[in-house]
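User: Please take a close look at a single part of this model and describe how the chain is arranged there.

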Amino acid sequence: MTSEQPERRDGDEAAPAVGRTLLSVDDLRVEFGSPQRPIHAVRGVSFDVRAGEVVALVGESGSGKTVSALALLGLLPRGARTTMASGTLEGIDLTGVGDDELRHLRGATAGMIFQDPLSSLNPVKRVGDQIVEAIALHEKGAGRKAARARALELLEQVGIPDAGRRIDEYPHQFSGGMRQRAMIAMALAAAPTLLIADEPTTALDVTVQAQILELIQRLQRDLEMGVLLITHDLGVVSRVADRVIVMYAGRIVEAGATEEVLRQPRHHYTAGLLRSLPRLDLPRGGAPVPISGSAPQPEDVVPGCAFAPRCPSAVERCAERPPLEPSGERWLACWEPATGTALDAVAGGEADAAGAAVVPAAPAPAAASAPPALAVERLQVIYGGGRRGLRRRPSAGVRAVDGVDLSIAPGTTLGLVGESGCGKTTLGSAILQLVRPTAGTVAVGGEQLVGRGDKQLRPLRRRFQIVFQDPAASLTPRHRIERVLSEPLELHGLVRSEAERRARVIELLELVGLGERFADRLPHELSGGQRQRVGIARALAVEPELIVLDESVSALDVSVQAQVLALLERLQDELGLAYLFISHDLAVIRHIADEVAVMYLGRIVERGPSEQIYRAPRHPYTAALLSAVPVPDVERERERERIVLLGDPPSPASPPGGCAFHTRCWLRERLGNPERCVAERPELAHLGGEADHRAACHFSDEQAAHLPRTDAVTAREGRAA
Amino acid sequence: MSGVTIDPRAAARARGRRGGRARAWWRAAGDAGLRKVLIGLALFVAVALLGPLLWGRDPDQVQLRAALLAPDLSHPFGTDEYGRDVLARFLSGARVSLLLGVSAVLGAAVVGLVLGAVSGFYGGFLDGLLNRFLDGLLAFPALVMGMSLALAMGPGALPAGLAVAITGVPWYARVVRSEVLSLKSRDFVAAQRALGASRRHILTRHIVPSVLGGVSVQASLGVAYAVLAIAGLGFLGLGVQPPTAEWGSMITEGRSYLTSGQWWISIIPGFGILILVSLSVALGEGLRDHLDPYGKARY
């Protein structure tokens with residue numbers, strides 16, 4: 001982490017010695033709510049964590065993974081009832097400890113880091129003071145000076161640059177990644193032997209996630225800690241975890257060495273989860289296979305195997321609950337275990353989809369004469385520019401989108417990738433004219449949008465729609481689904497009679513895989529995936545040609561995400577829709593997009609056919625992004641050489657001059673920091689060759705020679721062949 | 001919250017009968033602890049409307065010989081210094097309090113809702129102007145406003161109610177404005193704009209209905225405040241004028257007899273105010289729980 005050089009990690013690196021048991025729990029159960037109608041969050045979970053190993057608790061939302069960890073540390077709210085047959089933390093019996101003792105154990109023996117570093121740090125106290133406080137809590141005798149020295153040491157240990165100055169800053173002056181580092185420093189304050197990390201990288205960008213994962217691994221090795229990592233991301237698991245415990249509906253369904261479990265899942269849920277994951281390391285043919293249905297709710301009574309209703313291989317015996325039994329190093333709760341490897345499963349999907357998924361090399365020639373579904377030229381959005389304030393001083397403003405050109409052919413998908421703050425959502429809003437662009441043009445199906453007034457725009461809005469990230473926030477809370485879907489029909493006068501309206505609503509519901517029975521529901525009575533389907537149905541109601549999908553599957557669980565992706569693909573085939581798919585998730589984009597555009601600080605830095613970009617990225621930023629995403633394949637994950645970008649994306653309010661990426665560019669460093677990158681801004685230039693592949697880098701031709709040995713795709717293809 | 005959850009209310013709706021929906025609403029109201037409050041309020045309204053007819057005595061009939069009688073069978077709540085029946089005055093006072101209190105609050109809530117929604121949604125210069133105006137109004141306590149209005153219009157029920165209504169407006173406008181500001185930036189509003197809905201459509205169909213819950217909670221709490229303020233004005237002699245029975249002025253009339261043992265003249269209307277205020281506060285809290293669109297997920 002000390003340089004921007006791609007880090008080499010040897011596969012045969014000595015595994016840390018796995019030592020004594022730090023945490024052990026048997027038959028942990030957690031209930032909420034009234035005893036008459038209990039809500040079972042955890043229904044009997046047993047596991048242990050030893051010194052020097054990383055154990056991952058994996059599951060989708062509601063599986064009870066976080067509640068289990070919180071329950072062990074006594075961090076659940078008062079209404080929760082925790083019971084366990086036995087439990088020890090560093091040899092201390094957890095069943096009999098009181099609140100005070102538990103409070104001491106927290107921090108002293110088990111440090112905890114949370115998902116959202118912004119809300120877990122106190123915004124009104126200096127970062128250093130918060131760490132000092134954490135030290136003082138556990139070392140009563142420590143003097144103020146000594147504690148501060150220790151805090152400084154901790155901040156340096158977690159890789160905060162210029163720690164001496166930053167120790168006196170407030171949390172809002174830290175970036176997301178730095179805050180998470182500070183959180184880790186706090187968790188380490190009392191030198192705990194066990195670190196519990198609850199989704200530590202979920203809120204972070206991929207390049208920052210890579211840094212934090214490296215940090216956790218390094219600390220774990222250096223301090224010989226045990227780490228209990230709670231996550232939903234199998235890619236993260238394969239990168240850092242030694243053992244993995246898969247949870248479903250409050251129970252463990254499978255546990256074992258990460259490599260084994262991910263290569264050869266025995267439980268159908270694990271297998272399904274791996275199959276439903278869009279894979280960065282597979283070409284578009286490896287379509288994710290969704291798990292049908294949704295997980296049982298914590299209030300449901302589940303007599304048999306909780307996964308049976310969704311399981312493709314369920315047998316009669318599954319009505320009876322399978323016990324979690326060991327077979328060798330593996331633990332498994334299934335009557336009819338899956339056979340074969342995860343790769344087989346994915347390869348099977350590949351074979352099935354092979355016919356349909358041969359990537360259409362180029363849009364049909366006819367499309368060339370038709371106007372593009374979307375044409376964006378030199379689009380610019382500047383926030384807060386012009387003359388501001390009482391004295392009307394001119395201000396440069398924030399260039400959220402700075403001269404973007406895009407076009408999407410009818411019936412195809414453009415994937416727009418970028419980290420948070422790169423302007424991708426603003427670009428989407430500007431295309432939809434929800435934010436008025438400062439300059440440039442946007443045309444949908446040949447109709448120019450910029451420069452029209454609200455009223456003139458209204459009839460045109462039929463032609464382009466949007467589906468948002470948060471399906472709960474994008475539906476009016478009090479409107480029943482029928483009304484949600486009727487409104488656009490009525491606004492645009494698309495139905496003439498009451499009967500026609502009702503029929504169209506039902507048709508729309510069926511189109512997105514929901515039935516008539518959903519018409520009378522309120523949004524909060526639906527699950528996240530169902531709400532997102534309603535969001536899609538609403539967009540479809542006006543029969544648009546273009547839909548902007550703004551992180552539309554990011555808030556969904558993996559298995560549900562695969563369902564929605566499949567739905568979007570089906571709708572595209574049936575209705576000939578064009579999609580602008582905005583996402584930070586490179587694997588999802590790879591799976592759904594025909595073309596990809598990569599955005600950095602308001603500009604497109606690389607654009608081209610999806611396969612080319614994933615196979616042979618020509619901009620160093622794209623290469624770094626691809627390299628940073630962990631994939632659920634232990635062998636590859638541990639062997640591959642990774643480009644680690646240092647630092648966080650600069651603020652869009654003051655982007656670096658020249659090439660905006662030069663401050664973090666690994667290629668520039670390799671080439672001996674050429675002055676040209678700072679002095680001159682590279683244009684998005686055509687790279688030659690048949691396809692329209694463009695990159696904004698002065699040295700895009702020299703990159704190939706410096707790329708890491710094992711590229712994302714080649715390794716996999718070599719093996720599959 | 002999953003699709004398989006069987007919600008009795010959803011099931012009742014699926015039957016699609018209006019009666020079913022009303023019954024389902026009543027059942028849900030019970031969940032929120034609202035049912036007792038609603039029954040209590042219905043009783044109160046019935047007493048205010050029907051009580052004077054059933055009891056049948058004239059609340060203003062003076063009988064000096066029967067002055068200051070302790071409660072007995074013919075005068076269950078006793079009589080006041082002029083021999084007027086306290087029960088009859090209590091019952092007709094209930095009408096005045098209810099009518100004045102509720103209409104003052106309704107007026108304040110409706111005006112406040114409109115001002116707050118418009119200024120929050122459209123923003124800009126209008127927003128600034130309305131806010132300064134409301135800040136100005138906020139500086140007047142109801143009693144001071146009541147005194148000035150009483151001076152200008154002469155004391156009576158109308159200026160008292162008006163004073164309470166006017167001073168109430170900024171409170172509603174403030175709450176509505178901040179709620180509208182936060183709703184305005186939500187995705188569902190952006191979705192409506194993307195669909196081509198006009199601003200007025202978004203404001204009236206999507207934003208105002210979402211705000212109504214909060215306003216009705218505040219309004220029901222506001223009834224308590226209004227009743228007390230009107231009673232206060234009555235106590236000062238600026239409200240409803242004698243001989244009309246009003247609880248506030250009844251307390252004033254009886255206060256000099258509290259020390260001499262004729263407690264019933266003041267205490268009985270005092271209890272009336274206590275009951276109405278408690279009911280309206282309980283209604284407000286019950287409504288808040290009931291109208292929360294995500295309330296059913298409350299654990």
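Residues 23–274 of chain A are 40% helix and 25% strand, with the end C-alpha atoms 28 Å apart. Helices (H or I, at least four residues) and strands (E, at least two) are DSSP runs, numbered from the N terminus. This is a predicted model: local features need pLDDT of at least 70, side-chain atom pairs count only at pLDDT 80 or more, and totals for chains, interfaces and linings use all residues. Residues are numbered from 1 along each chain as its sequence is written, while chains are lettered from A and ligands numbered from 1 in the order in which they are written.

UniProt, in an unreviewed entry, lists residues 23–274 and 376–626 of chain A under "domain: ABC transporter"; its positions are given in the numbering used here, feature names are shortened, and annotations may be inferred rather than shown by experiment.

Strand S7 of chain A covers residues 110–113. Ala110(A) and Met112(A) lie on one side of S7(A), Gly111(A) and Ile113(A) on the other, and all are buried (20 or more other C-beta atoms within 10 Å of the residue's own, with C-beta atoms placed from the backbone). S7(A) pairs with strand S8 of chain A, residues 194–198, in the parallel sense over 4 bridges; pairing requires that DSSP find at least two bridges between the strands. Within S8(A), Leu194(A) is the bridge partner of Ala110(A).

For the chain as a whole, 51% of the 721 residues in chain A are buried. The secondary structure of chain A comes to 26 helices and 27 strands.

Methods
Buried ≥ 20, exposed ≤ 12 C-beta atoms within 10 Å, placed from the backbone.
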